[in-house]
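Visitor: I've got a few minutes before my next run. Can you walk me through this one?

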Amino acid sequence: MNRQREVAGAGRMQPWSMTVDRFIDHAARWHADREIVSFRDDEKVERTSYAALRADASRLSHALLTDGIVPGDRVATLAMNGRGHLAAWYGIAGIGAVCHTLNPRMSEDQLAWIVDHAQDRLLFADGAFAQTALGLARRCPSLARIVWLSPPHGVEESAGPSIEVYSQGQPADCRWGAFDEELAAGLCYTSGTTGNPKGVLYSHRSNVLHTLITVQPDAFGLSALDTIMPIVPMYHANAWGLAFAAPAVGAKLVLPGARLDGRTLYDRMRREGVTFAAAVPTAWLGLLDYMESGGGALPDLRRIVVGGAAMTEQLLRRFDALGIEAIAAWGMTELSPVGGVSTATPAVAAMAADERISFRLKQGRVPFGVDMRIADEADRELPRDGRAPGALQMRGPAVAAGYFRLDESPLTADGFLRTGDIATIDPQGYVKITDRAKDIIKSGGEWISSLEIETLASLCPGVATATVIGVPHPRWDERPLLLLVARPGAAIDIEGVRDELTRKLPKWWVPDSIETIDELPLGSTGKVDKAALRNQRSSKGEA
């Protein structure tokens, strides 16, 4: 009887809460001298280690406690990827406060609304964003102080202390953790929603579990042998988790700062021996253009992750030609953010290289810790046959169940998150997003996938990027308009593009109008801003 009670009772494992301070503690103890390289906006290069970073973050924690910050308080950052920003992350979260990353590409009005909504207490800012930071301090009563992560541009020192001065004299060993792992560690506001942005609160537990998801071989496949460069900014859903994953595995970490042009990325990646990097397609296009124009090779770079927007076949093949594996990944702020990664199954790995292309271009399959389905309007699951489109829905321990200070639920009755994407899932488990629900084009009562048109158009000679929007039509409700940006020094044959689309698409999918454009408007996350394009056309009386 006693044996039965023992088996049925509580487990006999040691208590070990899943809090994010565990990452930097582990790295400082077991990978103490592994290097962190940080490129500042004033062109200085800082070299430190995980042990030194832990000491910096610990001093910052003590300074925050002295300033009256308590568990649950929101502390904002307005910064690119750098040493000070990383120290702030761990220093804030380690004492149970919430690190709220602000996107500096947003307007000051948008940021002021977000800071007021979050009721941020302090702001850590890069000097390059000094004017925006000071504007927020004037407009947002909750902000008591600005702390500069790098020297402020054109601002008096009295506007706030540097992070070094703020932490000066504090002990280098703060007691972190010792709180519930469900306590919020981070706050990130979505950029892809209608109306005001919505805040997603990441718990310590969800961040730890998301990190264990991403380092799997069937996801990013990271180890202590890697040198990781998160080109994706830290304000984009934790740099896709890489600011936690790198110390978790003891990888060298290269933080590129604000300059993300092709030549600068190449120079920094080659100098530091980067083996793994992650970025949106626009950043990768700049790097490819530089390398192919005579910039040279990157012999250490083995694989990259392309996310934030769909990877095109052209982009994939250009990296293949350089011997670099390009991996498509999909996610969203609400997923912490990784939802799918296009790594190979045994069946796909056995295919010829050209056969594998179609699977590599999909948005990926779920690693352990994430679940997905496509559903009809009644939230009933649809078959995974690669043909039936449905609403993509997600669930998992790192998937949001709601939004900060909002009562509305994004979940179905049985607990799946509605992503707002339309997708198919094939028998191998790969999801292919055919459109955002808000971007899909309805013409004559039938759906047209803008992503399908964009993918084909991007393969045409001379095309750097392609985007499709729906424009009103008196008979068909909407028709697709294709806008093309040429590669540097190249010309686009519009009729040639039209012929290629006509050969490969249903006739009624082929855009009525194809135009070239000098540049496409980008949103705050580096994606093409289709809403801005539609507004531009509307203001000109063209839509």
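Guide: One term to start. Buried means under 20% relative accessible area, exposed over 50%, and partly exposed in between (1.4 Å probe, protein chains only). The model is predicted, so to speak of local features takes pLDDT of at least 70 and side-chain atom pairs count only at pLDDT 80 or more, while totals for chains, interfaces and linings use all residues. Residues are numbered from 1 along each chain as its sequence is written, and side-chain values use heavy atoms, with hydrogens and water left out.

Visitor: Is Ser 336 buried or exposed?

Guide: Ser 336 is buried, at 2% relative accessibility. Its phi is near 80°, a positive value in a residue other than glycine.

Visitor: Where is Ser 336?

Guide: In the loop between S13 and S14. Helices (H or I, at least four residues) and strands (E, at least two) are DSSP runs, numbered from the N terminus. Strand S13 covers 325-331 and strand S14 covers 338-341, and Pro 337 is in that loop too.

Visitor: What is the peptide bond from Ser 336 to Pro 337 like, cis or trans?

Guide: It is cis, with omega near 10°.

Visitor: What about Ala 237, what is its phi?

Guide: Near 45°, positive in a residue that is not glycine. Ala 237 sits in helix H9, residues 237-240. Ala 237 is buried, with a relative accessible area of 4%.

Visitor: New topic. How many residues are in the largest nonpolar core?

Guide: It has 62 residues. A nonpolar core is a set of buried Ala, Val, Leu, Ile, Met, Phe, Trp, Tyr and Cys residues joined through side-chain atoms within 4.5 Å. Leu 64, Leu 86, Phe 124 and Leu 222 touch the most other members. Helix H4, residues 83-94, gives this core its largest share, seven residues.

Visitor: What does Leu 86 touch?

Guide: Ile 36, Leu 53, Met 234, Ala 243, Leu 253 and Leu 255, leaving out residues up to four places away in sequence. Contact means heavy atoms within 4.5 Å.

Visitor: Which other core lies apart from it?

Guide: Another core, of 30 residues, lies apart from the largest one. Ala 283, Leu 287, Leu 301 and Val 306 are among its members.

Visitor: Back to H4. At what angle do H4 and H10 pack?

Guide: About 85°, with the axes 12 Å apart. That makes H4 roughly perpendicular to H10. Angles under 35 degrees count as roughly parallel, over 145 as roughly antiparallel, 65 to 115 as roughly perpendicular and the rest as oblique. Axes are lines fitted to C-alpha atoms, for helices over the stretch in contact, and angles run from 0 to 180 degrees between N-to-C directions.

Visitor: Which residues of H4 and H10 meet?

Guide: From H4, Leu 86, Trp 89 and Tyr 90; from H10, Ala 243, Phe 244 and Pro 247. By class, the contact of H4 with H10 has six nonpolar, no polar and no charged residues. Ala, Val, Leu, Ile, Met, Phe, Trp, Tyr, Cys and Pro count as nonpolar, Asp, Glu, Lys and Arg as charged, and the others, Gly among them, as polar.

Visitor: Why is helix H10 largely enclosed?

Guide: Seven of its eight residues (242-249) are buried, so the rest of the structure largely encloses helix H10. The buried ones are Leu 242, Ala 243, Phe 244, Ala 245, Ala 246, Pro 247 and Val 249. Just after H10, Gly 250 has a positive phi of about 80°.

Visitor: Where do H2 and H3 meet?

Guide: Ile 24, Asp 25, Ala 27 and Ala 28 in H2 meet Tyr 50, Ala 51, Leu 53 and Arg 54 in H3. That contact has six nonpolar, no polar and two charged residues. Helix H2 (residues 21-30) and helix H3 (residues 50-66) pack at about 135°, axes 7 Å apart. H2 and H3 are therefore oblique to each other.

Visitor: And Val 115, buried or exposed?

Guide: Val 115 is buried, at 0% relative accessibility. Val 115 lies in helix H5. Beyond its neighbours within four places in sequence, Val 115 contacts Leu 102, Asp 120, Leu 136, Cys 140, Ser 142 and Leu 143.

Visitor: Last one. Where is Lys 362?

Guide: In the loop between helix H15 (353-360) and strand S15 (371-375). Lys 362 counts as buried, at 16% relative accessibility. Among the residues it touches are Asp 426 and Tyr 430.
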